[in-house]
Number of protein chains: 2
Amino acid sequence: MNKGLLLLLFFSFPLLAEQWRDPNPDDLVYIQLPKGQIVIELAPFMAPHHVRQFKALVREGFYDGLDFYRVIEGFVAQAGDVEETRPSKYKGMLKAEFSRNIAPDSAYTLVQSPEFIAPQTGYLQGFAAGRDPQAGLEWLLHCPGTVAMARNNEADSGSTDFYIVIGQAPRHLDRNMSVFGRVIYGMEYVQALPRGNPEVEMGVIKDAGQRGKIEKAWVASDMPADQRLILQVQEQDSEAVQKRLASARTMDSPFYHFRGNGKLDICYYPLKSRLRPSDQPPAGTE
Amino acid sequence: MNKGLLLLLFFSFPLLAEQWRDPNPDDLVYIQLPKGQIVIELAPFMAPHHVRQFKALVREGFYDGLDFYRVIEGFVAQAGDVEETRPSKYKGMLKAEFSRNIAPDSAYTLVQSPEFIAPQTGYLQGFAAGRDPQAGLEWLLHCPGTVAMARNNEADSGSTDFYIVIGQAPRHLDRNMSVFGRVIYGMEYVQALPRGNPEVEMGVIKDAGQRGKIEKAWVASDMPADQRLILQVQEQDSEAVQKRLASARTMDSPFYHFRGNGKLDICYYPLKSRLRPSDQPPAGTE
């Protein structure tokens, strides 16, 4: 009686011809965590200087052997050099890249207007974004999987340490942090990182031996092609995405007895990513 | 330079005299997972029949040795008897408890009105809730940590299998599912459960050996007091909660350069829970 439970809630139109894009390997960063590899797609169109510095740090080996030293359940996993002792040629403080002027020629697919926090939300070049048409600004949202540079109180103080959102979208950080990517593969390995206690030392895990380590990070284009995961991301203007959103608005399934108000939280509807089908590992493997 | 990063984003008023309540041990269910114990606070005021049946199943040992057999990253972890072979005296199908008539004498603390999905949100007897004053209804929300009974397409078909929300709030399930509790301790152990592949077998992990097991479940009041974790939950009408919400609305910290619109997503502001201070384990332990 229970076997079919909840099945209708998550799936959409496997029979539709779905369209997938192959992200540029120069915009993909792999990070080897204790439980598995994660892949971040970078967003140079929004945060070019953060992306350039992050890639330089990755290529320098700056992050190799460093930790996710501050991991707060329901909030973020933050990584980098908590001791501030590791040398680097690329540690310069970066100018904030919180938002940019709306680029009318960018791929933008409206999802919700008005939205709860932003005047508009939509997919911007494959990422969940906010837009304020009156102010002429657009920015990337803090959704689960969002990657952004940490900073101190100064806007222009991001440098090396970064965080990944692991809980309910902390939307108050939108337009306050330089978002430069999102995790498109392996969020379960981020979720498996050891947590700190938010009431003690601000969530920093004091004992380095207890922290989840970055074994290695690298840019995909620096790897031999046969050692890369072949990842694909759903096209934001594909029929599958449009049907998924339309169905979510109307809740036109017999599963639903209350059909809501038609408003969509874009952070619940990230563009899907997948391993190219022939590369899929079996379910439940690590 | 990076050490203080993001510290202002999560913390609030440690100097305030905080008020904490001790949940009724008869409304607490412990579940031993591979990585640690989790604790669910039950909500009999909203879903009395689901709570009664769930507790009877727990006491019967129904869940002991069963699995989290369908765990979808960013959505839910679902547990129970996927094979439907385990006998029980308490497997009866339950009438839906999706919402109830507003009980004016209940403890209710308004958080947001209007909200994006619900006419109102607030804390109802310690849980994130929605309210529709015109319809005279109130219900518990699907936020991270929410526990609800799975069902098939029929409203009155919940029985034994349940799920825990592990991703961005799936608010389309509000008023469609019988929410009967929330995890107040150990969400990181839920997040560490092995995932299924949502594109294969609807996310069910086929190989039972790969699933995260429920080693044992029990009702707190059935345990010797000295074997229980002593958990406390923040009082919803405490000064600490009111200050946290007020500060979140105004974003009155020098960390913020953009101060938002004052609207709050209650799922980002769950009432905190803690081990009674003398019982706290060190940070980063499992």
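**Close-up views of the disulfides and nonpolar cores**

Across all chains, this predicted model holds 2 disulfides.

**View 1. The disulfide between A:Cys143 and A:Cys267.** The sulfur atoms of A:Cys143 and A:Cys267 lie 2.0 Å apart, and the torsion about their S-S bond is about -70 degrees, so the disulfide is left-handed. Because A:Cys143 sits in the loop between S10 and strand S11 (146-149) of chain A, and A:Cys267 in the loop between H3 and strand S17 (273-275) of chain A, the pair ties together parts that are 124 residues apart in sequence. A:Cys143 counts as buried at 5% relative accessibility, and A:Cys267 counts as buried at 5%.

**View 2. The disulfide between B:Cys143 and B:Cys267.** In chain B, the S to S distance of the disulfide joining B:Cys143 to B:Cys267 is 2.0 Å, and with a torsion of about -65 degrees about the S-S bond this disulfide is left-handed. B:Cys143 counts as buried at 7% relative accessibility, as does B:Cys267 at 5%.

**View 3. The largest nonpolar core.** This core has 50 residues, of which A:Tyr123, B:Leu140 and B:Tyr163 touch the most other members. Elements that each supply at least two residues include strand S13 (178-185) and helix H3 (239-250) of chain A, together with strand S9 (127-132) and strand S12 (162-165) of chain B; H3(A) gives the most, with 3 residues.

**View 4. The surroundings of A:Tyr123.** Leaving aside neighbours within four places in sequence, A:Tyr123 is in contact with residues including A:Tyr108, A:Val111, A:Gln236, A:Leu245, A:Ile266 and A:Tyr269.

**View 5. A second, separate core.** This core of 48 residues includes A:Tyr163, A:Leu173, B:Val111 and B:Tyr269.

How values were computed: Residues numbered from 1 in each chain as written. Chains lettered and ligands numbered in written order. Predicted model: local features only at pLDDT ≥ 70, side-chain atom pairs only at ≥ 80, totals over all residues. Heavy atoms only, no water. Core = buried A, V, L, I, M, F, W, Y, C linked by side-chain atoms within 4.5 Å. Buried < 20%, exposed > 50% of the residue type's maximum accessible area, 1.4 Å probe, protein only. Helix = DSSP H or I, 4+ residues; strand = E, 2+ residues; numbered from the N terminus. Contact = heavy atoms within 4.5 Å. Disulfide = S-S within 2.5 Å.
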